[in-house]
Amino acid sequence: MSELLLVDNLSLYVHIPFCNSCCSYCAFYSEPRGAWQQYKEAYVDRLEREILFYADKLHKPFETIFFGGGNPGCLSFEQLERLLKASQLFGKSKECTIEMNPESFSPAFFPLFAQKLVSRLSMGIQSMDDTSLKNLGRNASRSDNLQGIAYAKQVHALYGTDLSFDLMTCIPGQTVEQALADIDDLVFLADPTHISLYCLTIEEGTELARKVDSNMVSLLTEDNQEKMLSACYLHLKKLGYRHYEISNFAKQGKRCLHNLRYWNLSSYLGLGSSAASTLVEEDQVKSLTQEQDLATFSSGEIFSGYAVEILTKVEYLEEYLLMALRTDEGIDKVQFSARFGYDFDKLFGKTVKTFEPFWYFDSPQSFFLSEQGMMFLDDIVLRLAMAVF
């Protein structure tokens, strides 16, 4: 893999697959505390060496940096400091985000923010209601969330750190009123500049999926999910948050720069067990996946276990459609033509006319989805992709 870094502007994603316990809905690769404790130091050592290699090869700051998981808060301050300093060997990025679970965040991590190694804190709250948290299999309670939010506010007040919080909606048993109350609680307590609001999805192989299959849990109907999401979207708009991506809302000037690069299919390097990368070069797009589990990654040679796939032009186009149409800016038709060599209207015009008119906005300059259209993104992209063949 070490010879594959040929791109100029590059973002960095670092995956920390450690959790105190695994949530019942989560399909991201992570391991519970009992499985990762013995590998933690070796895992960090390898990550540090890989980050330093690429930082030196790039020889300038990464465009953006994102430490995600799992829960990076399972690492110690000293371990995170090592990794963050390695990733900023040649200067600060435009944005450096770290995820933290509320029950893990404490003043022990404040020096990371004091040193300006982190500019943005993303905290997974999911819900402010204990029953909903229990239904999601969360390790945190409402009281844990309140403490985490209080510490996050201190970090913002002391160091000017931007704050983002995650909420989940369409949770089994949740009402529209409870979903709106979660938003109001969070905005009142933290006044964040960014909120990610995720609609619960049932991922195959998760504990929640097993409960649904065995009829232990009842999901909201599609109509009720749509009503709940629409109510939340409107409520966030009234509170001053712009809906700039399917699941993301931001105050003016506070969109997540790292995720914008991801949705635009700009080059980013993913390091760590199960991490993915996209490297966009002049004549091809490479998709990289780290296929080693925690134990194998921790004991493996650096740069081992990264599988490379070169996307065909059609695969690249399909990926772009799926990513770009997640955002409120959608597809710029001039940029689309320059990127792929196709005229958007000639390629997709007939298909677009088959969509419900309230799903999208179409002009000579751009094509993007409405909030209602975003709820049908997968179907829309599938129908557009079929027009390519």
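Here are some notes to read alongside the structure, which is a predicted model.

1. Start with the overall division.

2. **A pair of helices.** Now find helix 2 (residues 40–58) and helix 3 (residues 77–87). How do they pack? The angle between them is about 15°, and their axes are 8 Å apart. Angles under 35 degrees count as roughly parallel, so helix 2 and helix 3 are described as roughly parallel to each other. Their crossing is left-handed.

3. **What sits between those helices.** On the helix 2 side, the contact includes Val 44, Leu 47, Ile 51, Leu 52 and Ala 55, along with charged neighbours such as Lys 40 and Glu 41. On the helix 3 side you'll find Gln 79, Arg 82, Leu 83, Ala 86 and Ser 87. Sorted by type, the residues of this contact are seven nonpolar, two polar and five charged.

4. **Strands 10, 11 and 12.** Next, move along to strand 10 (residues 276–280) and strand 11 (residues 285–290). These run antiparallel and are joined by five bridges. If you want a landmark, look for Ser 277, which stands opposite Leu 288 in strand 11. Strand 11 also pairs with strand 12 (residues 306–311), again antiparallel, through six bridges. Here the landmark is Gln 290, whose bridge partner in strand 12 is Tyr 306. A handy thing to keep in mind while you look: in a regular strand, side chains alternate between the two faces of the sheet.

5. In which order do the strands of the open sheet come? The order is 13-15-14, with antiparallel pairing. Strand 13 (331–332) and strand 14 (360–362) are the edge strands, each pairing on one side only. Two bridges hold the antiparallel pairing of strand 13 with strand 15 (residues 366–369). To spot it on screen, find Asp 332, which stands opposite Ser 366 in strand 15.

6. **A helix across the sheet.** Finally, look at what lies over those strands. Helix 14 (residues 344–352) lies across strand 13, strand 14 and strand 15. Relative to strand 14, helix 14 runs at about 140°.

Notes. Residues are numbered from 1 along each chain as its sequence is written. This is a predicted model: local features need pLDDT of at least 70, side-chain atom pairs count only at pLDDT 80 or more; totals for chains, interfaces and linings use all residues. Side-chain values use heavy atoms; hydrogens and water are left out. Axes are lines fitted to C-alpha atoms, for helices over the stretch in contact, and angles run from 0 to 180 degrees between N-to-C directions. Helices (H or I, at least four residues) and strands (E, at least two) are DSSP runs, numbered from the N terminus. Angles under 35 degrees count as roughly parallel, over 145 as roughly antiparallel, 65 to 115 as roughly perpendicular and the rest as oblique. A crossing is left-handed if the near helix is turned anticlockwise from the far one by less than a right angle, and right-handed if clockwise. Contact means heavy atoms within 4.5 Å. Two strands pair if DSSP finds at least two bridges between them.
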